Amino acid sequence: MGEKTKAKAVIVGGSIAGVSCAHALISAGWDVVVLEKSSQPPKGSPTGAGLALDRQAFNIIESWLRQPQLLQQTTLPLTIDQNQTADGEKKVSRILTRDEDFNFRAAHWADLHGLLYNALPAEVFLWGHLYLSFRTSEDKTSVTVEAKALQTEEIIEINGDLLVAADGCLSSIRKTFLPDLKLRYSGYCAWRGVLDFSGKENSETIMSIQRVYPDLGRCLYFDLNTGSHTVLYELLSKRLNWIWYVHQPEPEQKGNSVTMKVSSDMIENMYQEAERTWGPELVRVMRETKEPFINIIYDCDPLERIFLDNVVLIGDAAHPTTPHGVRSTNMSILDAAVLGKCIEKWGAENIPSALEEYQRIRLPVTSKQVLHSRRVGQIKQGLALLDRKPFDPKTASAEECEELQQKNMPFFASVPLSVD
(Lines give C-alpha, C1' and ligand atoms only; values in the text may rest on other atoms or scores of the structure.)
Protein backbone atom coordinates (compact mmCIF):
# COMPACT_ATOMS: atom_id res chain seq x y z
CA MET A 1 0.00 0.00 0.00
CA GLY A 2 1.14 3.54 -0.80
CA GLU A 3 1.79 6.06 1.91
CA LYS A 4 -1.28 8.01 2.96
CA THR A 5 -1.29 11.51 1.44
CA LYS A 6 -0.80 14.26 3.95
CA ALA A 7 -3.63 16.72 4.51
CA LYS A 8 -2.92 20.18 3.13
CA ALA A 9 -3.70 23.67 4.40
CA VAL A 10 -3.66 26.83 2.31
CA ILE A 11 -2.64 29.82 4.46
CA VAL A 12 -3.37 33.29 3.10
CA GLY A 13 -0.96 35.84 4.58
CA GLY A 14 2.77 35.48 5.20
CA SER A 15 3.07 37.78 8.19
CA ILE A 16 3.76 36.51 11.74
CA ALA A 17 0.28 34.92 12.08
CA GLY A 18 0.68 33.06 8.78
CA VAL A 19 4.22 31.77 9.39
CA SER A 20 3.25 30.76 12.95
CA CYS A 21 0.35 28.80 11.55
CA ALA A 22 2.64 27.12 9.02
CA HIS A 23 4.86 25.96 11.90
CA ALA A 24 1.93 24.69 13.97
CA LEU A 25 0.33 22.75 11.10
CA ILE A 26 3.62 21.25 9.89
CA SER A 27 4.18 20.12 13.50
CA ALA A 28 0.73 18.50 13.32
CA GLY A 29 1.85 16.50 10.27
CA TRP A 30 0.23 18.60 7.54
CA ASP A 31 1.51 20.02 4.28
CA VAL A 32 1.08 23.78 3.95
CA VAL A 33 1.31 26.42 1.26
CA VAL A 34 1.50 30.09 2.23
CA LEU A 35 0.22 32.73 -0.19
CA GLU A 36 1.66 36.23 0.29
CA LYS A 37 1.22 39.23 -1.98
CA SER A 38 4.63 40.76 -1.10
CA SER A 39 7.11 39.85 -3.81
CA GLN A 40 9.74 38.51 -1.38
CA PRO A 41 10.35 37.93 2.31
CA PRO A 42 11.18 41.12 4.24
CA LYS A 43 14.92 41.77 4.43
CA GLY A 44 16.48 43.80 7.21
CA SER A 45 13.86 45.95 8.91
CA PRO A 46 11.67 47.51 6.23
CA THR A 47 8.33 46.74 7.83
CA GLY A 48 6.76 47.03 11.22
CA ALA A 49 8.41 48.06 14.42
CA GLY A 50 8.75 46.78 17.98
CA LEU A 51 6.57 44.18 19.67
CA ALA A 52 6.53 42.47 23.05
CA LEU A 53 6.31 38.69 23.53
CA ASP A 54 4.81 37.17 26.65
CA ARG A 55 6.38 34.07 28.21
CA GLN A 56 3.80 31.65 26.79
CA ALA A 57 4.16 32.87 23.19
CA PHE A 58 7.95 32.90 23.65
CA ASN A 59 7.96 29.24 24.73
CA ILE A 60 5.72 28.23 21.82
CA ILE A 61 8.03 29.90 19.29
CA GLU A 62 11.04 28.17 20.86
CA SER A 63 9.29 24.81 20.35
CA TRP A 64 9.03 25.54 16.59
CA LEU A 65 12.69 26.49 16.11
CA ARG A 66 15.48 24.02 15.42
CA GLN A 67 17.78 26.46 17.26
CA PRO A 68 15.54 27.78 20.05
CA GLN A 69 18.36 29.81 21.61
CA LEU A 70 18.13 32.21 18.64
CA LEU A 71 14.91 33.67 20.04
CA GLN A 72 16.60 34.66 23.29
CA GLN A 73 19.50 36.10 21.28
CA THR A 74 17.29 38.33 19.09
CA THR A 75 15.16 39.77 21.91
CA LEU A 76 15.72 41.97 24.95
CA PRO A 77 14.09 41.58 28.36
CA LEU A 78 11.11 43.71 29.34
CA THR A 79 10.94 43.01 33.04
CA ILE A 80 9.33 46.32 34.08
CA ASP A 81 5.99 47.86 33.06
CA GLN A 82 6.01 51.53 34.08
CA ASN A 83 3.43 54.30 33.66
CA GLN A 84 4.56 57.83 34.41
CA THR A 85 3.58 61.45 33.85
CA ALA A 86 5.58 64.65 33.62
CA ASP A 87 5.07 67.09 36.47
CA GLY A 88 5.46 70.84 36.07
CA GLU A 89 7.38 72.04 33.02
CA LYS A 90 7.89 68.54 31.54
CA LYS A 91 11.03 68.28 33.64
CA VAL A 92 10.42 65.60 36.25
CA SER A 93 8.57 62.32 35.74
CA ARG A 94 6.23 61.11 38.44
CA ILE A 95 5.75 57.32 38.48
CA LEU A 96 2.07 56.32 38.43
CA THR A 97 2.59 52.53 38.46
CA ARG A 98 5.63 50.26 38.31
CA ASP A 99 5.46 46.47 37.98
CA GLU A 100 8.86 44.77 38.19
CA ASP A 101 7.56 41.25 37.43
CA PHE A 102 6.52 41.92 33.84
CA ASN A 103 8.53 39.08 32.21
CA PHE A 104 8.06 39.92 28.51
CA ARG A 105 10.71 40.06 25.76
CA ALA A 106 11.05 42.89 23.21
CA ALA A 107 11.55 42.04 19.53
CA HIS A 108 11.58 43.86 16.22
CA TRP A 109 8.84 42.61 13.87
CA ALA A 110 11.31 41.87 11.07
CA ASP A 111 13.70 39.98 13.38
CA LEU A 112 10.92 37.74 14.71
CA HIS A 113 9.43 37.21 11.26
CA GLY A 114 12.88 36.30 9.89
CA LEU A 115 13.46 33.74 12.66
CA LEU A 116 10.09 32.05 12.02
CA TYR A 117 10.35 32.25 8.24
CA ASN A 118 13.93 30.92 8.02
CA ALA A 119 12.98 27.90 10.13
CA LEU A 120 10.44 26.80 7.47
CA PRO A 121 11.10 25.04 4.14
CA ALA A 122 11.34 27.79 1.48
CA GLU A 123 9.10 25.81 -0.88
CA VAL A 124 5.98 26.27 1.27
CA PHE A 125 5.86 29.98 0.31
CA LEU A 126 4.33 31.48 -2.81
CA TRP A 127 5.60 35.08 -2.73
CA GLY A 128 4.03 37.66 -5.04
CA HIS A 129 0.66 35.87 -5.06
CA LEU A 130 -2.51 37.84 -4.42
CA TYR A 131 -5.44 35.92 -2.94
CA LEU A 132 -8.58 36.40 -5.10
CA SER A 133 -11.30 34.01 -3.90
CA PHE A 134 -12.11 30.58 -2.56
CA ARG A 135 -14.83 28.00 -3.05
CA THR A 136 -15.68 25.07 -0.83
CA SER A 137 -16.64 21.67 -2.22
CA GLU A 138 -20.30 20.66 -1.88
CA ASP A 139 -19.48 18.14 0.83
CA LYS A 140 -17.41 20.82 2.66
CA THR A 141 -14.34 18.59 2.78
CA SER A 142 -12.06 20.52 0.45
CA VAL A 143 -11.42 24.11 -0.58
CA THR A 144 -10.07 25.62 -3.79
CA VAL A 145 -8.24 28.93 -3.59
CA GLU A 146 -7.75 31.19 -6.58
CA ALA A 147 -4.75 33.53 -6.59
CA LYS A 148 -2.95 35.77 -9.06
CA ALA A 149 0.82 35.65 -9.60
CA LEU A 150 1.49 39.39 -9.64
CA GLN A 151 4.59 39.21 -11.83
CA THR A 152 3.00 37.22 -14.66
CA GLU A 153 -0.72 38.03 -14.05
CA GLU A 154 -1.31 34.27 -14.23
CA ILE A 155 -4.30 32.97 -12.25
CA ILE A 156 -3.60 29.77 -10.35
CA GLU A 157 -5.80 27.41 -8.32
CA ILE A 158 -4.66 25.58 -5.20
CA ASN A 159 -6.64 22.78 -3.60
CA GLY A 160 -6.49 21.99 0.09
CA ASP A 161 -8.37 20.47 3.01
CA LEU A 162 -8.36 23.70 5.03
CA LEU A 163 -8.13 27.42 4.29
CA VAL A 164 -6.51 29.58 6.99
CA ALA A 165 -7.18 33.32 6.81
CA ALA A 166 -4.09 35.01 8.28
CA ASP A 167 -4.69 38.09 6.14
CA GLY A 168 -4.83 40.75 8.85
CA CYS A 169 -7.43 43.04 10.38
CA LEU A 170 -8.80 44.04 6.95
CA SER A 171 -9.14 40.34 5.98
CA SER A 172 -10.68 39.73 2.53
CA ILE A 173 -11.58 36.16 3.51
CA ARG A 174 -13.48 37.34 6.60
CA LYS A 175 -15.52 39.69 4.38
CA THR A 176 -16.84 36.73 2.38
CA PHE A 177 -18.63 35.18 5.35
CA LEU A 178 -19.06 38.29 7.52
CA PRO A 179 -19.80 40.92 4.85
CA ASP A 180 -21.44 43.37 7.27
CA LEU A 181 -18.65 43.42 9.85
CA LYS A 182 -17.35 46.94 10.40
CA LEU A 183 -14.10 47.80 12.10
CA ARG A 184 -14.32 50.42 14.87
CA TYR A 185 -12.01 53.42 14.50
CA SER A 186 -10.59 54.19 17.95
CA GLY A 187 -10.58 57.98 17.50
CA TYR A 188 -6.79 58.16 17.37
CA CYS A 189 -3.77 57.08 15.32
CA ALA A 190 -0.24 56.14 16.33
CA TRP A 191 2.93 57.79 15.11
CA ARG A 192 5.61 55.09 15.21
CA GLY A 193 9.31 54.85 14.62
CA VAL A 194 12.49 52.94 15.41
CA LEU A 195 15.68 54.93 16.00
CA ASP A 196 18.84 53.00 15.15
CA PHE A 197 21.55 54.50 17.35
CA SER A 198 24.39 52.06 16.57
CA GLY A 199 27.63 54.05 16.37
CA LYS A 200 25.93 56.95 18.19
CA GLU A 201 25.85 55.47 21.71
CA ASN A 202 27.70 58.48 23.13
CA SER A 203 25.65 61.12 21.34
CA GLU A 204 23.82 63.71 23.41
CA THR A 205 20.47 62.30 22.19
CA ILE A 206 21.17 58.79 23.50
CA MET A 207 22.93 59.82 26.69
CA SER A 208 20.10 62.19 27.61
CA ILE A 209 17.30 59.68 26.82
CA GLN A 210 19.10 57.07 28.95
CA ARG A 211 19.42 59.61 31.76
CA VAL A 212 15.68 60.34 31.72
CA TYR A 213 14.67 56.69 31.09
CA PRO A 214 17.33 54.85 33.15
CA ASP A 215 15.76 51.39 32.75
CA LEU A 216 15.82 51.31 28.94
CA GLY A 217 16.84 47.82 27.90
CA ARG A 218 14.47 46.22 30.42
CA CYS A 219 11.49 48.56 30.83
CA LEU A 220 8.31 49.17 28.86
CA TYR A 221 7.77 52.91 29.46
CA PHE A 222 4.40 54.63 29.08
CA ASP A 223 4.38 58.44 29.35
CA LEU A 224 0.91 59.87 29.95
CA ASN A 225 -0.21 63.41 29.35
CA THR A 226 -3.75 64.75 29.46
CA GLY A 227 -5.49 63.10 26.48
CA SER A 228 -2.40 61.45 24.99
CA HIS A 229 0.34 58.92 25.70
CA THR A 230 3.59 57.51 24.34
CA VAL A 231 5.39 54.16 24.54
CA LEU A 232 9.18 53.75 24.60
CA TYR A 233 11.37 50.67 24.88
CA GLU A 234 14.69 49.36 23.60
CA LEU A 235 15.18 46.63 20.97
CA LEU A 236 18.24 44.51 20.30
CA SER A 237 21.03 45.97 18.13
CA LYS A 238 20.85 49.46 19.60
CA ARG A 239 17.37 50.49 18.51
CA LEU A 240 14.71 52.49 20.34
CA ASN A 241 11.05 51.81 19.54
CA TRP A 242 8.63 54.68 20.17
CA ILE A 243 4.89 55.18 19.66
CA TRP A 244 2.78 58.31 20.16
CA TYR A 245 -1.04 58.07 20.17
CA VAL A 246 -2.70 61.18 18.73
CA HIS A 247 -6.42 62.00 18.51
CA GLN A 248 -7.58 62.81 14.99
CA PRO A 249 -10.53 62.23 12.63
CA GLU A 250 -10.41 58.87 10.86
CA PRO A 251 -7.93 59.13 7.96
CA GLU A 252 -8.82 57.84 4.52
CA GLN A 253 -7.47 54.33 4.05
CA LYS A 254 -5.43 53.77 0.93
CA GLY A 255 -5.54 50.16 -0.25
CA ASN A 256 -5.61 47.22 2.12
CA SER A 257 -3.42 48.63 4.87
CA VAL A 258 -3.77 50.32 8.25
CA THR A 259 -0.33 51.93 7.82
CA MET A 260 -0.35 55.41 6.30
CA LYS A 261 2.33 57.01 4.18
CA VAL A 262 3.25 60.41 5.59
CA SER A 263 4.54 63.60 3.95
CA SER A 264 7.46 65.67 5.23
CA ASP A 265 4.94 68.41 6.21
CA MET A 266 2.99 65.94 8.36
CA ILE A 267 6.22 64.81 10.02
CA GLU A 268 7.29 68.41 10.74
CA ASN A 269 3.86 69.20 12.23
CA MET A 270 4.16 66.10 14.40
CA TYR A 271 7.57 67.26 15.70
CA GLN A 272 6.20 70.69 16.56
CA GLU A 273 3.21 69.20 18.38
CA ALA A 274 5.57 66.82 20.22
CA GLU A 275 7.65 69.75 21.45
CA ARG A 276 4.53 71.23 23.04
CA THR A 277 3.60 67.92 24.66
CA TRP A 278 6.68 65.87 25.60
CA GLY A 279 10.10 66.34 27.14
CA PRO A 280 13.00 67.42 24.89
CA GLU A 281 14.85 64.08 25.25
CA LEU A 282 11.97 62.08 23.75
CA VAL A 283 11.33 64.69 21.04
CA ARG A 284 14.98 64.47 19.98
CA VAL A 285 14.62 60.69 19.57
CA MET A 286 11.53 61.28 17.41
CA ARG A 287 13.33 63.90 15.29
CA GLU A 288 16.34 61.65 14.65
CA THR A 289 14.24 58.64 13.61
CA LYS A 290 14.26 57.90 9.88
CA GLU A 291 10.88 57.39 8.21
CA PRO A 292 8.36 57.57 11.05
CA PHE A 293 4.94 56.29 9.95
CA ILE A 294 1.31 56.29 11.10
CA ASN A 295 -0.80 53.30 12.12
CA ILE A 296 -4.56 53.85 12.06
CA ILE A 297 -5.86 52.24 15.25
CA TYR A 298 -8.86 49.96 14.75
CA ASP A 299 -10.46 47.07 16.53
CA CYS A 300 -13.86 45.43 16.31
CA ASP A 301 -16.42 43.96 18.65
CA PRO A 302 -15.68 40.28 19.27
CA LEU A 303 -16.90 37.97 16.49
CA GLU A 304 -19.45 35.28 17.29
CA ARG A 305 -17.63 32.75 15.14
CA ILE A 306 -14.16 32.45 13.66
CA PHE A 307 -14.68 29.57 11.24
CA LEU A 308 -17.12 28.46 8.56
CA ASP A 309 -17.00 24.92 7.17
CA ASN A 310 -13.26 24.38 6.53
CA VAL A 311 -12.24 28.06 6.49
CA VAL A 312 -10.77 29.47 9.72
CA LEU A 313 -9.61 32.92 10.85
CA ILE A 314 -6.47 33.46 12.91
CA GLY A 315 -4.57 36.49 14.21
CA ASP A 316 -5.85 39.98 13.42
CA ALA A 317 -8.31 38.50 10.90
CA ALA A 318 -10.07 36.78 13.82
CA HIS A 319 -9.81 39.58 16.39
CA PRO A 320 -8.66 43.02 15.22
CA THR A 321 -7.34 44.69 18.36
CA THR A 322 -5.82 47.93 19.58
CA PRO A 323 -2.17 47.60 20.71
CA HIS A 324 -2.61 48.73 24.32
CA GLY A 325 -2.47 45.27 25.86
CA VAL A 326 0.60 44.24 23.79
CA ARG A 327 -1.54 41.35 22.59
CA SER A 328 -1.75 41.29 18.80
CA THR A 329 1.36 39.16 18.08
CA ASN A 330 0.88 37.06 21.21
CA MET A 331 -2.72 36.28 20.23
CA SER A 332 -1.62 35.27 16.72
CA ILE A 333 0.99 32.85 18.07
CA LEU A 334 -1.47 31.34 20.58
CA ASP A 335 -4.12 31.02 17.83
CA ALA A 336 -1.66 29.12 15.64
CA ALA A 337 -0.55 26.81 18.46
CA VAL A 338 -4.11 25.98 19.53
CA LEU A 339 -5.25 25.44 15.93
CA GLY A 340 -2.33 23.05 15.35
CA LYS A 341 -3.11 21.08 18.51
CA CYS A 342 -6.84 20.81 17.65
CA ILE A 343 -6.10 19.70 14.07
CA GLU A 344 -3.61 17.10 15.34
CA LYS A 345 -6.06 15.82 17.93
CA TRP A 346 -9.07 15.44 15.60
CA GLY A 347 -7.30 14.53 12.35
CA ALA A 348 -7.96 15.68 8.80
CA GLU A 349 -11.19 13.66 8.62
CA ASN A 350 -12.75 15.68 11.49
CA ILE A 351 -11.91 19.28 10.55
CA PRO A 352 -15.31 20.70 11.70
CA SER A 353 -14.75 19.20 15.20
CA ALA A 354 -11.18 20.56 15.28
CA LEU A 355 -12.30 24.07 14.29
CA GLU A 356 -15.20 23.97 16.75
CA GLU A 357 -12.75 23.18 19.54
CA TYR A 358 -10.28 25.84 18.36
CA GLN A 359 -13.11 28.40 18.50
CA ARG A 360 -14.27 27.16 21.92
CA ILE A 361 -10.75 27.58 23.37
CA ARG A 362 -9.77 30.88 21.72
CA LEU A 363 -12.91 33.02 21.41
CA PRO A 364 -13.57 33.56 25.15
CA VAL A 365 -9.92 34.57 25.64
CA THR A 366 -9.44 36.86 22.64
CA SER A 367 -12.85 38.52 23.13
CA LYS A 368 -11.99 39.55 26.70
CA GLN A 369 -8.48 40.64 25.71
CA VAL A 370 -9.67 42.80 22.78
CA LEU A 371 -12.24 44.58 24.96
CA HIS A 372 -9.74 45.08 27.79
CA SER A 373 -7.15 46.51 25.39
CA ARG A 374 -9.83 48.89 24.02
CA ARG A 375 -10.61 50.09 27.54
CA VAL A 376 -6.96 50.65 28.46
CA GLY A 377 -6.51 52.73 25.29
CA GLN A 378 -9.59 54.81 26.10
CA ILE A 379 -8.34 55.43 29.64
CA LYS A 380 -4.79 56.36 28.58
CA GLN A 381 -6.13 58.66 25.84
CA GLY A 382 -8.44 60.42 28.33
CA LEU A 383 -11.64 59.37 26.53
CA ALA A 384 -15.01 59.30 28.28
CA LEU A 385 -16.19 55.92 29.60
CA LEU A 386 -19.59 55.03 31.01
CA ASP A 387 -18.25 53.95 34.39
CA ARG A 388 -15.51 56.50 35.05
CA LYS A 389 -14.63 60.10 34.32
CA PRO A 390 -11.92 60.77 31.70
CA PHE A 391 -8.54 59.80 33.14
CA ASP A 392 -6.14 62.67 33.81
CA PRO A 393 -2.67 61.54 34.89
CA LYS A 394 -2.04 64.90 36.58
CA THR A 395 -4.85 64.42 39.11
CA ALA A 396 -5.46 60.62 39.13
CA SER A 397 -5.48 58.78 42.44
CA ALA A 398 -3.29 55.72 43.03
CA GLU A 399 -6.41 53.57 42.77
CA GLU A 400 -7.37 55.06 39.38
CA CYS A 401 -3.82 54.43 38.10
CA GLU A 402 -4.00 50.71 38.97
CA GLU A 403 -6.06 50.06 35.82
CA LEU A 404 -3.15 51.20 33.63
CA GLN A 405 -1.07 48.12 34.42
CA GLN A 406 -0.53 45.38 31.85
CA LYS A 407 -0.97 42.66 34.46
CA ASN A 408 -4.71 43.42 34.63
CA MET A 409 -5.16 41.91 31.15
CA PRO A 410 -7.53 38.90 31.33
CA PHE A 411 -5.51 35.64 31.15
CA PHE A 412 -2.33 37.69 31.65
CA ALA A 413 -0.41 34.94 33.45
CA SER A 414 -1.56 32.01 31.34
CA VAL A 415 -3.86 31.38 28.39
CA PRO A 416 -5.62 27.99 28.10
CA LEU A 417 -4.27 25.88 25.23
CA SER A 418 -6.93 23.17 25.49
CA VAL A 419 -10.48 22.63 26.76
CA ASP A 420 -9.35 20.37 29.59
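## Thr322 and its surroundings

A polar contact of 2.8 Å links the side chains of Thr322 and Ser373. A polar contact is a pair of N or O atoms within 3.5 Å; within protein, one must be able to donate a hydrogen and the other to accept it, and residues adjacent in sequence count only if both atoms are side-chain atoms. The model is predicted: local features need pLDDT of at least 70, side-chain atom pairs count only at pLDDT 80 or more, and totals for chains, interfaces and linings use all residues. Residues are numbered from 1 along each chain as its sequence is written, and side-chain values use heavy atoms, with hydrogens and water left out.

Thr322 sits in the loop between strand E20 (311-313) and helix H9 (328-346). Helices (H or I, at least four residues) and strands (E, at least two) are DSSP runs, numbered from the N terminus. Is Thr322 buried or exposed? Thr322 is buried, at a relative accessible area of 0%. Buried means under 20% relative accessible area, exposed over 50%, and partly exposed in between (1.4 Å probe, protein chains only). Beyond its neighbours within four places in sequence, Thr322 is in contact (heavy atoms within 4.5 Å) with Arg184, Tyr188, Ile297, Tyr298, Asp299, Ser373 and Arg374.

## The sheet that ends at E19

Six strands form an open sheet in the order E8-E2-E1-E12-E20-E19, with mixed pairing. Its edge strands are E8 (125-127) and E19, and each pairs on one side only. Two strands pair if DSSP finds at least two bridges between them. E19 and E20 run antiparallel and are joined by two bridges. Leu308 stands opposite Val311 in E20.

Phe307 lies in E19 (residues 307-308). Phe307 counts as buried, at 6% relative accessibility. Setting aside residues up to four places away in sequence, Phe307 touches Phe177, Val312, Pro352, Leu355, Glu356 and Gln359. Phe177 is 130 residues from Phe307 along the chain, yet their C-alpha atoms are separated by 9.0 Å.

Helix H4 spans residues 109-118. Eight of its ten residues are buried, so H4 is largely enclosed by the rest of the structure. Among the buried residues of H4 are Trp109, His113 and Tyr117.

Strand E3 (residues 50-53) is covered on both faces. Gly50 and Ala52 are buried on one side, Leu51 and Leu53 on the other. E3 pairs with strand E7 (residues 104-108) in the antiparallel sense, over four bridges. Ala52 stands opposite Ala106 in E7.

## The E10-E11 hairpin

Strand E10 (residues 143-149) pairs with E11 in the antiparallel sense over six bridges. Glu146 has Glu157 in E11 as its bridge partner. The two strands form a hairpin with five residues between them. In the turn, Glu153 has a positive phi of about 70°.

In a regular strand the side chains alternate between the two faces of the sheet.

## A nonpolar surface patch

Which residues form a nonpolar patch on the surface? Leu130, Leu132, Leu150 and Ile155 do, with about 290 Å² of accessible area together. Areas come from the Shrake-Rupley method with a 1.4 Å probe; for residues, only the protein chains shown count as cover. Patches are made of residues with over 30% relative accessible area and no salt bridge; like charges are joined within 9 Å, nonpolar side chains (Val, Leu, Ile, Met, Phe, Trp, Tyr) within 5 Å. A salt bridge is a side-chain nitrogen of Lys or Arg within 4 Å of a carboxyl oxygen of Asp or Glu.

Leu130 is found in strand E9 (residues 129-136). Leu130 counts as partly exposed, at 30% relative accessibility.
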